[in-house]
Amino acid sequence: MLTARRRVVTTAVVLAGSLLLTSCGGSDSGASDGRTLRLWHYEGPDSAMGAAWNEAIKEFEAKHPGVKVKFEEKGFEQIQKTAPMVLNSSDAPDIMEYNKGNATAGLLSKQGLLTDLTAEAAKRGWDKEIPAGVRTTSMYDTNGVMGSGKWYGVPNYAEYTMVFYNKDLFKKYGVAEPKTFDDLTSAMNRFVAKGITPLANAGAEYMAQQYLYQLALSRADRAWVDKYELYKGRNDFHDAAWTYAANTFADWVKKGWISKKSSGTKAEDAGVSFIQGKAPILFSGSWWYGRFKAENKFDWGTFLWPGSNLTLGSGGNLWVVPKGARNKNLAYDFIDITMSKKIQNLLGNKGGVPVAADPSAITDPRAKTLIDNFNTLSRRDGLAFYPDWPVAGFYDTLVSETQKLITGSEKPGDYLGNLQKAYDQGVPKQ
Amino acid sequence: MTITVEGGGRVTGRHDPAAHPRRPRTSYVLFLLPGALAFLAVIVVPFLMNTYVGFTDWQGVGSPKWSGLANYRRLLDDSEFWASFRHSLFMVVAMAAVPTAVGLVLAAALFDYVGKHFGSRIVAVLRACFYLPQVLPIAVAGIVWSWILAPDNGSLNALLKAIGLGSWQQDWLGDPDIALYSVMGVMVWVQLGFPLVVFMAGLQRVDPQLYEAAELDGAGWWRRFWHITLPQIRPEINVVLTWCTIAALKVFGAVYVLTKGGPGGATDVPSYFSFTTFFEKTQVGYGATISTVLTVIILVLALAGLGLQTRAEDAEEGGRT
């Protein structure tokens, strides 16, 4: 009886002990053998990046006989929410895609969870290939603030926002294709007169705040961006640029250029309304390019926001090498392959924005325009990042405050005041 | 603790060896051990860790910095938290009060009227229809509802227009004055099946003679409902109310899928508020404080609900003896 009872107790203790261990997440996933590269990324297999990274994996395996790439497909949210815990454990992969910015890659670099890639970037020439505006998100100082310091990530692509427009709808309603900001506003007026809401918008997600930030950027310069994004001076939400943006945005809602009913709409809905030919104009990022190319059943074109040197955009997400990665050299080799002309050209032809492609190798005409426009932006140092970057959690603040601006439940002045409050509370103390 | 022993007497807090033989009791404790240890591992230890983190300033990586009661002081002054808590009370109405009241009437109507006039098969089909939303994952139901409630091409607005009520069209999830009520409406739909099924099961054990006698005495449906159905299934009502109130206080999925707390925070609830504080703002210490407070509130309510239920059952048993 005693033995039986002891057995029961032992079993219970072992069971509970293993449960405890599992809950603490301490499993070991293999030692450094130099024969496996554990890679995580979250690009869809059909996207330009997904296709390019798949090709890079093949290339890597061909160049490293006997080495297997163990790719794990993750979700953006999954990596975003669990990265600090994963990187703190022995489960960290050798290389992973991670979101750029102070609150993400910056925070991890500050906590010592990422490998310093400065020496590799110099040795392999990444620092020369990647343009200055794109490089900003690769480098972080000791406070985790981007723009200077050491290299903690490498982006192989860039992204930027542009005006997408439905040429067929413009033709159908006799609206001239805009070349200047005045052309754009008069085109919107014409559409409203025909009973059509010209701008696709999504108040429940990033789109609305990006319209607003673009309006501010059209009255701003690089110093203004540095003040807001890199904390070089005090950012004042009641300055001329922000005030113009909030007033103009509210005015556009009043005029019917942006739907009052778009406060609860998601980005996907706005994109679909453009694809379905309901909205003639959509202002958003190059991440829509491949989708529009595949799904738009009408003639369409793009142009950079008229009358503005700056637009939203940055280097793409980063390849980072966790501090605890076991096969760092293999990880560096993989990054190097993704920077090769072959992979960069493939990325460009698939509708992505490569950072080091060979221009003559880009054969698709729309892809050519996309890359030409990026080069124009790059030349004039025109990437101004995104409005939610400076403060962790600012995305939610911007969404909820801009929703109030759309529904008219908040005046532009109060809107800016609330942004100031949230920004001042969250901005890193240095 | 009150123990009832043979003969109807009550013994308070006293151990009676004759009533509980030694051997079976020991092995019973042993069988509980794995469950208790698992409970310790997945509930108690994380809760204690969460409580500890609530007293720190921490971004989720690196070392937490002890900050004492600072997070609790911040919580007291945080208007966003209290607004989210007020929305929780609306959710209690939508997920506990309304489904319980409507569920009671529907259960009684299905049991007492539809069953008699249309047969048990129709009752079973209707009950399954009402229960269906409980089976659907909230992520799926939420996405479908967000299509139904979409402002431009949503089917609710299309339906209103088609039946000549175009002026009633709304931006159901995008208007801060309406969004909370829209979410509440969806939650009533989600939640209704649970009380209905529990109440119908409860009604099975009510002595049919009670209804027959009342009917012979000339009591109408409403009178029978008020004087027989309600008192007879009071234990089920208590269980449903406690369960649904807890579900309402911790509601997360529906808000996440439908509105993400918007527009302008109009549908934010504490669990979602805690989630964004944790993961979006990376203020893990403050997020932990919010979830600790929420857990304590839920625990107190659950214990109060169970206490009320036990007291009602005791009173009932006392009444019978």
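Me: Which backbone oxygen does the side chain of A:Thr115 reach?

Reply: The side chain of A:Thr115 reaches the backbone oxygen of A:Pro322, at 3.1 Å. This is a predicted model, in which local features need pLDDT of at least 70 and side-chain atom pairs count only at pLDDT 80 or more, while totals for chains, interfaces and linings use all residues. Residues are numbered from 1 along each chain as its sequence is written, chains are lettered from A and ligands numbered from 1 in the order in which they are written, and side-chain values use heavy atoms, without hydrogens and water.

Me: Is A:Thr115 buried or exposed?

Reply: Buried means under 20% relative accessible area, exposed over 50%, and partly exposed in between (1.4 Å probe, protein chains only). A:Thr115 has a relative accessible area of 6%, so this residue is buried. A:Thr115 lies in the loop between α4 and α5 (118-124) of chain A; helices here are DSSP runs of H or I with at least four residues, numbered from the N terminus. Leaving aside neighbours within four places in sequence, A:Thr115 is in contact (heavy atoms within 4.5 Å) with residues including A:Trp151, A:Tyr152, A:Lys328 and A:Tyr332.

Me: How much area do chain A and chain B bury between them?

Reply: The size of an interface is often given as the accessible area lost when the parts come together. Here chain A and chain B bury about 2800 Å² (1.4 Å probe, summed over both), with 63% of it on carbon and sulfur atoms. The helix α1(A) gives the most to the side of chain A that touches chain B, with ten residues. Chain A brings 35 residues to the contact and chain B brings 33 residues.

Me: How many salt bridges are there across the interface?

Reply: A salt bridge pairs a side-chain nitrogen of Lys or Arg with a carboxyl oxygen of Asp or Glu within 4 Å. Between chain A and chain B the rule finds zero.

Me: What does A:Lys81 touch?

Reply: A:Lys81 sits in helix α3 of chain A and touches B:Phe275, B:Phe279 and B:Glu280, not counting residues up to four places away in sequence. A:Lys81 is buried, with a relative accessible area of 11%.

How values were computed
Buried area is the accessible area (1.4 Å probe) that two parts lose on being put together, summed over both. Helices (H or I, at least four residues) and strands (E, at least two) are DSSP runs, numbered from the N terminus. A polar contact is a pair of N or O atoms within 3.5 Å; within protein, one must be able to donate a hydrogen and the other to accept it, and residues adjacent in sequence count only if both atoms are side-chain atoms.
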